[in-house]
Amino acid sequence: MRICVVGAGGREHALAVALARTAEVVVTPGNAGIDASVPAPPEDLEADLYVVGPEAPLVDGLADRLRARGATVFGPGADGARLEGSKAWMKEVAAAAGVPTAAHRAFDSGEVDAALAFLCTLPGLYVVKTDGLAAGKGVLVTESLTEAEDDVRAKLSGAGFGDAGRRVVIEEGMSGPEVSLLCLCDGARAVPLPSAQDFKRADDGDAGPNTGGMGAYSPFAAVDAAEGEHLTERLVAPTLYELRRRGIDYRGVLYAGLMLTPEGPKLLEYNVRFGDPEAQVVLPRWTGDVAAVLTACASGSLRVQPTFSDAAAVAVVCASEGYPVAPRHGDVIDGMEEAAAVPGAHVFCAGVAEDERGRLVTAGGRVLAVTGLGPTVADARVTAYRAVSAITWPGRHVRTDIAAGV
C-alpha cells in the first residue's frame, strides 16, 4: 500500500512515521528532515490513500480535486473544511447542532463601531479571533478592553492578518482547563482518540504571544477514554449529524478544542486536521495498523476501534529566535542524532532545510518537536527534555514548563 501525506511540518512527519509501520509513504512537499519527502504536487503522485495534513489545502479544496479523480482521501472537502476556514460559520453550525460554546458575534470590516460596542457588553475577559485562517496565531485573549479594541481595529482594517482578519468573531472569555479531543470521522461516525493538552503561549508560565503551539502532552488526566466517548457524543457527534443534514460528507479528523468550564464542557474551536503538536503526542502512542484505520475512515466504513499504548507522551517544540513575530532562519542545527538516540525519544522535523553543505538549518518558526514516551507524563517529560538538551543552534527557544506538575 502506498500513502501520500500532504504537508511540510512536524505533524506530517509524525503521520509519516506512524503510517510507515505498515505502508510505503511519501510526503509532499515534506522537508529536509523527512526522508520520504518528494517535492511534487500531490496530484502528480500515485497513491492508494492521500492524507492531507494542513488546513489550508483542505480549505482550498485539495481533497475534492483528488476525489474527483477517484482517489481515496483522508481529509474533508472544502465544504467541511469551513469549520476551520470560517470561525463564524463554525459557530453557526455549532449553534444549529446544539453544541455549547461561548457567547459571541461576528463583525465585518465595515462594522468597527458595532464591534467595539459589543466588546463593552462583555464581562471582562475578551477574545478576538480572525474569521479566516491565521496559522493558529489569529486569536487574542486579554483582560484589557483597550488591547481588545486595538486588536479589533487592526484586524478589521486588514493591518493585523490581511483578508483573514477582515471579519472577526468576538467572544466572551471562558475559564477552565483546555483539552484537545481529536476524533476520526467517516461521514457518519465519530471515534475519539486519546486526549491531549497543548501550550499555546510562547513563553514559560503561559506568557507571551499566542503561537501555533509550543508543546503538548497526552493523555490529559481529566479526560480518560470514557470521558472522551462522552464528550464525543455530546459535542462532536451532533456536529457531524448537522454537517450530514447540510449534505456535507465529512471524512477525516475533527479536532475539538474544548474548555471544561464550571458550567460543563464548551467548544472553543474546531480544526479540520490533526493538531500540531498534538499529533506528535497522540500518534506515537497509536498501536496497530494506522494506515488501515485511516483508509477505512476515508472510505466511509470505520468499523474498528484504534488502539493505543498505556505510555504517556510529552512533546516540546524547539523554535527559532524571534518566533512567532519574526523568526530567524539559516542557523545550523546540531545534536539531532544524539537526541534521537535517547531511549523513548522521537524528533519530528518541521521548519528545517538543507544548506549548500548538506547540513540541516532552521527554516521556520517552529523548527522541531521532540517527543518523549514514558510510563507516566512525568517520565515522558524527563525523556523529552533530555533529548531537547542535546539539540542546539543560536537563539534556540524552548519553553521549560511543558507538562510541568502534571
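Which residues lie nearest the centre of the second largest pocket?

**View 1. The second largest pocket and its lining.** H13, G33, D35, M336 and C349 lie nearest the centre, among 22 lining residues. This is a predicted model, in which local features need pLDDT of at least 70 and side-chain atom pairs count only at pLDDT 80 or more, while totals for chains, interfaces and linings use all residues. Residues are numbered from 1 along each chain as its sequence is written, and side-chain values use heavy atoms, with hydrogens and water left out. The pocket (an open set of points on a 1 Å grid over the protein atoms alone, with protein on both sides within 12 Å along at least five of seven lines; lining residues have an atom within 4 Å of a point) has a volume of about 460 Å³, taken as the space filled by probe spheres (1.4 Å probe) set on the points. Strand β20 gives the most to the lining, with five residues.

**View 2. The open sheet β11-β14-β19-β23-β20.** Its five strands (DSSP E runs of at least two residues) pair in the antiparallel sense, where pairing needs at least two DSSP bridges. The edge strands, β11 (197-198) and β20 (345-349), each pair on one side only. Q197 stands opposite Y217 in β14.

**View 3. The aromatic pair F107 and F118.**

Notes
Helix = DSSP H or I, 4+ residues; strand = E, 2+ residues; numbered from the N terminus. Phe/Tyr/Trp six-rings, centres within 6.5 Å; stacked < 30°, edge-to-face > 60°.
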